[in-house]
Amino acid sequence: LAGSVGGAAQVLVGQPLDTIKTRAQIAPKGMFKGPMDILSQTVKKEGFFALYKGMASPLLGIAGVNSLLFSSYVFSKRVVSPFGQLTLPETALAGSMAGAANAILASPVEMFKVRMQGQYGGAGDKNLRTVASEMWKTWGFRKGVMRGYWVTLAREIPAYAGFSSAYEFSKRKFTAVYGNDLPVWALLASGSTGGIAYWLACYPLDVIKSRVQLRPTPPSGTPVQYIIHEVRAIMAESGAAGLFRGLTPSCIIPAAASTFAAFELTRGQFAHRPELRA
């Protein structure tokens with residue numbers, strides 16, 4: 001339940017920034033001048049709520065995704081070391097293991113989200129049900145619903161290694177000063193630190209993932225081959241800077257901060273009120 005509450009907070013707070021980030025990654029060259037132009041044009045042409053385009057997919061899937069992520073993280077920490085507090089390298093290892101498990105559900109959830117965000121208010125725009133139906137009927141499970149899984153897996157491993165170690169580092173620093181019962185602002189700051197580390201650890205892979213998932217046809221070749229193909233295509237279009245398009249809105253703090261603050265606060269309620277666990 002704590003993971004689901006945290007995930008819902010992440011989607012509701014972070015979806016507008018995620019839409020700007022994704023459009024920066026996938027929009028045709030020259031369509032937008034930068035993140036602020038994406039914001040301006042999206043609101044002007046499609047309305048404010050277009051910033052929440054694609055939100056239905058993560059909202060529907062967030063309970064499963066975050067429950068899997070947080071439970072995998074708790075399990076992974078026990079596997080890495082059952083003896084007390086983990087070191088930061090051990091925490092990073094546990095985070096990477098949880099990220100690998102999380103990719104199984106995160107990949108289809110994000111694929112549908114990206115395909116919704118890649119529609120720009122035209123007459124041919126489709127709703128989530130139509131997008132999901134077409135992907136299933138045309139390409140099936142592996143090449144349709146799970147398109148981009150291997151890139152998502154490659155992204156999640158370093159991303160959650162970075163997230164978990166940065167989050168724990170920040171949280172431990174605050175705990176040393178304020179004790180175990182941290183104020184909400186300290187949880188928000190720790191979540192923000194983790195979120196920035198998440199994106200810095202994996203961002204070029206996220207750009208590649210978005211492009212692969214938006215393609216009209218499945219990528220060909222092995223995962224390594226089509227990842228290299230996308231890197232070359234991005235470099236040809238925009239140079240090395242193309243691998244980091246949309247990074248700025250990703251590093252703005254509210255989404256990651258709200259996720260772990262909500263998670264920790266909800267978990268704390270369960271810890272202090274045993275009747276809620278019944």
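# A tour by selection: salt bridges, cores and cysteines

Select Arg211 and Glu230: they form a salt bridge whose closest N and O atoms are 2.9 Å apart. A salt bridge here is a side-chain nitrogen of Lys or Arg within 4 Å of a carboxyl oxygen of Asp or Glu. Arg211 sits in helix H7 and Glu230 in helix H8, so the pair ties together parts 19 residues apart in sequence. Both Arg211 and Glu230 are buried, where buried means under 20% relative accessible area, exposed over 50% and partly exposed in between (1.4 Å probe, protein chains only).

The model is predicted: local features need pLDDT of at least 70, side-chain atom pairs count only at pLDDT 80 or more, and totals for chains, interfaces and linings use all residues. Residues are numbered from 1 along each chain as its sequence is written, and side-chain values use heavy atoms, with hydrogens and water left out.

**Whole chain.** Colour by secondary structure: the protein chain has ten helices and zero strands. Helices (H or I, at least four residues) and strands (E, at least two) are DSSP runs, numbered from the N terminus. Of the 278 residues in the protein chain, 50% are buried.

**Salt bridges.** The structure holds 15 salt bridges. Go to Asp18 and Lys113, whose closest N and O atoms are 2.7 Å apart in a salt bridge. Asp18 lies in helix H1 (residues 2–26) and Lys113 in helix H4, so this pair ties together parts 95 residues apart in sequence. Asp18 is buried at a relative accessible area of 16%, and Lys113 is buried at 7%.

Now widen the selection to Asp18, Lys21, Glu110, Lys113, Arg155, Glu156, Asp206 and Lys209, which are linked in a network of salt bridges. Within it, centre on Lys209, in helix H7 (residues 184–214). Lys209 counts as buried, at 1% relative accessibility. Leaving aside neighbours within four places in sequence, Lys209 is in contact (heavy atoms within 4.5 Å) with Glu110, Val114, Gly148, Val151, Thr152 and Arg155.

Next, pick Lys53 and Asp125, a salt bridge with closest N and O atoms 3.6 Å apart. Lys53 is in the loop between helix H2 (35–46) and H3, and Asp125 in the loop between H4 and helix H5 (128–145), so the pair ties together parts 72 residues apart in sequence. Lys53 is buried, with 16% relative accessible area, whereas Asp125 is partly exposed at 30%.

**Nonpolar cores.** A nonpolar core is a set of buried Ala, Val, Leu, Ile, Met, Phe, Trp, Tyr and Cys residues joined through side-chain atoms within 4.5 Å. In the largest, of 27 residues, Val151, Tyr198, Trp199 and Ile208 touch the most other members. H7 gives the most to this core, with nine residues. Apart from it lies another core, of seven residues, including Met111, Phe112, Met116 and Val145. Return to Tyr198: not counting residues up to four places away in sequence, Tyr198 touches Arg155, Glu156, Ala159, Tyr160 and Phe163.

**Cysteines.** Select Cys202 and Cys251. The sulfur of Cys202 has its closest cysteine sulfur in Cys251, 9.6 Å away and too far for a bond. Cys202 is buried, at 1% relative accessibility. A search of the whole structure finds zero disulfides, a disulfide being a pair of cysteine sulfur atoms within 2.5 Å.

**An exposed side chain.** Finish at Phe75, in helix H3, which is exposed with a relative accessible area of 55%.
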